[in-house]
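Hi,

Here is the structure I promised to pass on.

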Amino acid sequence: MRYLGLLVLSPLMIAGTWFAGWIAVPVLAAAYALTLRDARVTREAGAAAMLAWLVLLFRLKLQQPSFATLLDQLGQIFPVPGVAVAALALVLAVVLAASAARLVIGIVGVRDPVVPAA
């Protein structure tokens, strides 16, 4: 895993989600896959989305005391605990990013590795 890509893509996904909404996650993952054209971008885009949304949810928990109340109310609506709803949001982010990156790699393909001349 390229940690530099993760450290660049995660803040972009945070900013994109903050300003444009959830649609920024698959768009940025697709752009990342189009830029690198590597087989590992699916995993990296999913990891970046998970990290980004973990930061967003943690920030929301710290700054909005009503977030815990919201999770409790969602837990009463759905037959799962409220924390499971937050975990479902993380899964959604990972699936959106990984599937967008995989779609781009499936359409465009991977870049051929440069083989040094002997």
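To start with the charges: how many positive and how many negative side chains does the chain have, and how far apart do the centres of the two sets lie? There are 8 positive side chains and 4 negative ones, with 3 Å between the two centres. Keep in mind that this is a predicted model.

What about pairing between those charges? Searching the whole structure turns up 1 salt bridge. The partners are Asp38 and Arg40, and their closest N and O atoms sit 3.0 Å apart. As for how open Arg40 is, it counts as partly exposed because its relative accessibility is 33%, and that class covers values between the 20% limit for buried and the 50% limit for exposed.

On the fold, you'll find 5 helices and 0 strands, so to read the chain from the N terminus is to read α-α-α-α-α. Along the principal axes, the C-alpha atoms fill a box of roughly 65 × 25 × 25 Å.

Then the contacts. Counting those with a separation of 6 or more, 78% are between residues 24 or more positions apart in the chain.

Last, the surface. The chain has 118 residues, and 32% of them count as buried.

Cheers

Definitions and conventions
Residues are numbered from 1 along each chain as its sequence is written. This is a predicted model: local features need pLDDT of at least 70, side-chain atom pairs count only at pLDDT 80 or more; totals for chains, interfaces and linings use all residues. Side-chain values use heavy atoms; hydrogens and water are left out. Helices (H or I, at least four residues) and strands (E, at least two) are DSSP runs, numbered from the N terminus. Buried means under 20% relative accessible area, exposed over 50%, partly exposed in between (1.4 Å probe, protein chains only). Contact means heavy atoms within 4.5 Å. Lys and Arg count as positive and Asp and Glu as negative; His and the chain ends are not counted. The place of a charge is taken as NZ of Lys, CZ of Arg, CG of Asp or CD of Glu. A salt bridge is a side-chain nitrogen of Lys or Arg within 4 Å of a carboxyl oxygen of Asp or Glu.
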